[in-house]
Amino acid sequence: MGKIRVGFGFDVHRLVEGRELWLGGIRLEHSMGLLGHSDADVLIHAICDALLGAANMRDIGYHFPDTGEEFHNIDSKILLRKTVELIGTKGYRVGNVDATVCTERPKLKPHIPAMQACLADVMGIDADDVSVKATTTEKLGFTGREEGISAYATVLIES
């Protein structure tokens, strides 16, 4: 029997005008987008951190620093694919992902199946092994004031 490990990831980005909004690898229509060195997909970044943490391989900023010009405006799906390859160098593969996105708007419910399919495709796993949930913070805090979006992810990896 192989090794099983669990990881947890978290990310947050500020909402600003003049940027596209990318969540879970798909572009959403919204009046604002997330600010970041890459496309600022908080959901993918949280998943990357969870995968790297589970494999004891530090974090997303270590492997893909925001000082690196090669990562400027990069599609976060590329970062996720590279993260899966990185954990593969230690003999691990993704078992499943359970993630939550915190945002007041846009409402994510209609987009969750597309996010699951996209994320599963990038990670090379079945869409049934990718859970994406959405919640609000009931208008409390920076997400409640629609100043930013945060995401949490828990993953299981196995060798």
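Visitor: Which side chains meet R27 or E29 in a salt bridge, and how is such a contact to be read?

Guide: A salt bridge is counted where a side-chain nitrogen of Lys or Arg lies within 4 Å of a carboxyl oxygen of Asp or Glu. Here the side chains of R27 and E29 are partners, with an N to O distance of 2.8 Å. The model is predicted, so local features need pLDDT of at least 70 and side-chain atom pairs pLDDT 80 or more, while totals for chains, interfaces and linings use all residues. Residues are numbered from 1 along each chain as its sequence is written, and side-chain values use heavy atoms, with hydrogens and water left out.

Visitor: How many salt bridges does the structure hold, and which residue does E147 meet in one?

Guide: The structure holds eight salt bridges. E147 meets R145, again through side chains, at 2.8 Å from N to O. E147 is partly exposed because its relative accessibility is 38%; R145, with 52%, is exposed. Salt bridges may also share partners, and in this way E20, R27 and E29 are joined into one network.

Visitor: Which parts of the chain does the salt bridge between E158 and R93 tie together?

Guide: The closest N and O atoms of E158 and R93 are 3.1 Å apart. E158 belongs to strand β7 and R93 to strand β5 (residues 93–102), so the pair ties together parts that are 65 residues apart in sequence. Strands (E, at least two residues) and helices (H or I, at least four) are DSSP runs numbered from the N terminus.

Visitor: Which residues form the nonpolar patch on the surface?

Guide: Such a patch joins nonpolar side chains (Val, Leu, Ile, Met, Phe, Trp, Tyr) within 5 Å, from residues with over 30% relative accessible area and no salt bridge; like charges would be joined within 9 Å. In this model the members are F8, F10, V12, F142 and Y152, with about 440 Å² of accessible area together, computed by the Shrake-Rupley method with a 1.4 Å probe, only the protein chains shown counting as cover for residues. Strand β1 gives the most, with three residues. Y152 sits in β7 (residues 148–158) and is partly exposed, at 34%.

Visitor: Where does G18 lie?

Guide: G18 is in the loop between β1 and β2 (21–23). G18 counts as exposed because its relative accessibility is 80%. Its C-alpha atom is separated by 9.3 Å from that of L34, 16 residues apart along the chain.

Technical notes: Buried < 20%, exposed > 50% of the residue type's maximum accessible area, 1.4 Å probe, protein only.
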